[in-house]
Amino acid sequence: MQETPEHMELRRTVANIVENDINPFVDEWEEAEAIPLHDLLKKMGQAGILGISKPTEFGGMALDYSYEIVFAEEMGKVKAQGVSTAVGVQTNMSTPALAQYGSDELRQEFLAPAIAGEMIGCIGVTEEGSGSDVSSVRSFARKDGADYVISGNKMFITNSIQADWMCMLCNTDEDNGPHRNKTLIMVPLNDPAVSRSQLKKLGLHCSDTGHLHFDEVRVPQRYRIGEEGMGFKYQMEQFQEERMFSVARTCTALEMALEETIEYTRQRIAFGRPVLDNQVMHYKMADIQSQIEAARALLYRAVDIYTAGGEVTKLASMAKYLVGVMASEVPSQLLQFWGGQGFMAENRISRVYRDMKLVAIGGGANEVMQQIICKEMGILPRRS
Ligand SMILES: Cc1cc2nc3c(=O)[nH]c(=O)nc-3n(C[C@H](O)[C@H](O)[C@H](O)COP(=O)(O)OP(=O)(O)OC[C@H]3O[C@@H](n4cnc5c(N)ncnc54)[C@H](O)[C@@H]3O)c2cc1C
């Protein structure tokens, strides 16, 4: 990934929004357990950064995916990962399949307002009984005339309390096997047959995460993304963009936490000298910085291949796996160096520690990434 003047310009635009429109408010949003997402996304939409790689006909910039990575890296500087998660769902998790496979009519109705920041989207894959094994999803969309009638549930869905629509993975067929019976369908959520309840979480306090029930929700069949039965495949492809976004912003967020820890331990005195002045600290800092750079190098390799039209399942999964491990271990190691201060709720490192745990679970747990890597290595059979 070569950084051009255009990448730098985008970086400055995003950094400006993070600095002025997000970071001054994140403590308040964390406390309120809510982000004013419609207002924030509107502002970001007006700045033109919600559709960086999306087609220009629907308000996007049609830039290659390396620009989305620059966007994700700058979003990693948000001082509460709940915000970058919420925005990432809009830009890189709920919209890639819609942008690639949706009809023009569907993209006009749902993608254009998402890029403009006028509608909030969410992605509905996980269910009460189905998480890591996406093929076991149970929500069902049966055909009735020109409509689908959808029943089922979706669990742990980011943005879903405020969202206007869900890109929902449903079964549309009793037969055909679990990888060929699924379809992605755009489902407006302001329907009385949809009920939503907010969940309380360990971290990402400002981001809303919901449990939703769909009780015979009727949508026209033209709300289907692409072909019926291709939903599993589209979702697996969509996951690649989600995972690269997650890696990019996590690398930046870990680097920021590292820098803050260096700063704190440089001025904190114990035994008559800065805490940083212990060799054990130097080696740990070098170790963490090296891990971040290694994950970033792997990500950039994946992005180069992806922007050239190549397949990146193996590399994106490896990068997601590596940052998943780092995001579980590094915040704990850094918090240790803050001593009792690190344990205080108002201290940002404690938020980093809570927020980062999700990286090893969401969008495919670490073990699922390892499973995918093994399939790509030929150790495990691929799905039929
Ligand atoms: C805050 C938050 C936000 C989320 N946002 C969304 C969202 O917007 N949309 C959405 O669809 N989902 C979302 N999720 C769901 C998330 O993607 C799932 O939690 C994740 O995929 C894991 O599924 P699960 O929780 O059902 O865990 P399970 O499938 O029950 O797995 C539990 C654990 O078992 C282990 N495991 C699972 N399979 C294997 C295996 N094959 N080999 C070895 N070990 C294994 C892993 O350690 C895993 O963590 C969110 C979750 C959280 C917590």
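How far apart do the C-alpha centres of domain 2 and domain 3 lie? In this predicted model, the two centres are 30 Å apart.

**Domains**

The chain is split into domain 1 (5-120), domain 2 (122-229) and domain 3 (233-377). Where domain 2 meets domain 3, ten residues of domain 2 are in contact with eight residues of domain 3. On the domain 2 side of this contact, seven residues are nonpolar, three are polar and none is charged.

**The ligand shell**

Domain 2 (122-229) and domain 3 (233-377) each supply at least three residues to the shell around the ligand. There are 23 residues around the ligand, and those that come nearest are Val 125, Thr 126, Gly 131, Ser 132 and Glu 367. Two or more residues of the shell come from each of β1 (121-124), β3 (147-158) and α13 (366-377). Sorted by class, the shell contains eleven nonpolar, ten polar and two charged residues.

**Two helix pairs**

Helix α13, one of the elements that contribute to the ligand shell, also packs against helix α10 (residues 313-337). A second pair is formed by helix α4 (residues 65-75) and helix α5 (residues 81-93). The table sets out the geometry of both pairs.

| Helix pair | Angle | Axis separation | Crossing |
|---|---|---|---|
| α10 and α13 | about 150 degrees | 9 Å apart | left-handed |
| α4 and α5 | roughly 165 degrees | within 10 Å | right-handed |

Angles over 145 degrees count as roughly antiparallel. With an angle of about 150 degrees, α10 and α13 are therefore roughly antiparallel to each other.

Which residues of α10 meet α13? On the α10 side they are Thr 313, Lys 314, Ser 317, Met 318, Lys 320, Tyr 321, Gly 324 and Val 325. Their partners in α13 are Asn 366, Met 369, Gln 370, Ile 372, Ile 373 and Glu 376. This contact of α10 with α13 is made up of six nonpolar, five polar and three charged residues.

In the other pair, α4 uses Glu 68, Ala 72 and Met 75 to meet Ser 84, Val 87, Gly 88 and Asn 92 of α5. The contact of α4 with α5 has three nonpolar residues, three polar residues and one charged residue.

Note on methods. Residues are numbered from 1 along each chain as its sequence is written. This is a predicted model: local features need pLDDT of at least 70, side-chain atom pairs count only at pLDDT 80 or more; totals for chains, interfaces and linings use all residues. A residue is near a molecule or strand if its C-beta atom, placed from the backbone, lies within 6 Å of it. Helices (H or I, at least four residues) and strands (E, at least two) are DSSP runs, numbered from the N terminus. Ala, Val, Leu, Ile, Met, Phe, Trp, Tyr, Cys and Pro count as nonpolar, Asp, Glu, Lys and Arg as charged, and the others, Gly among them, as polar. Domain bounds come from an automatic or database domain assignment. Axes are lines fitted to C-alpha atoms, for helices over the stretch in contact, and angles run from 0 to 180 degrees between N-to-C directions. Angles under 35 degrees count as roughly parallel, over 145 as roughly antiparallel, 65 to 115 as roughly perpendicular and the rest as oblique. A crossing is left-handed if the near helix is turned anticlockwise from the far one by less than a right angle, and right-handed if clockwise. Two residues are in contact if their C-beta atoms, placed from the backbone, lie within 7 Å.
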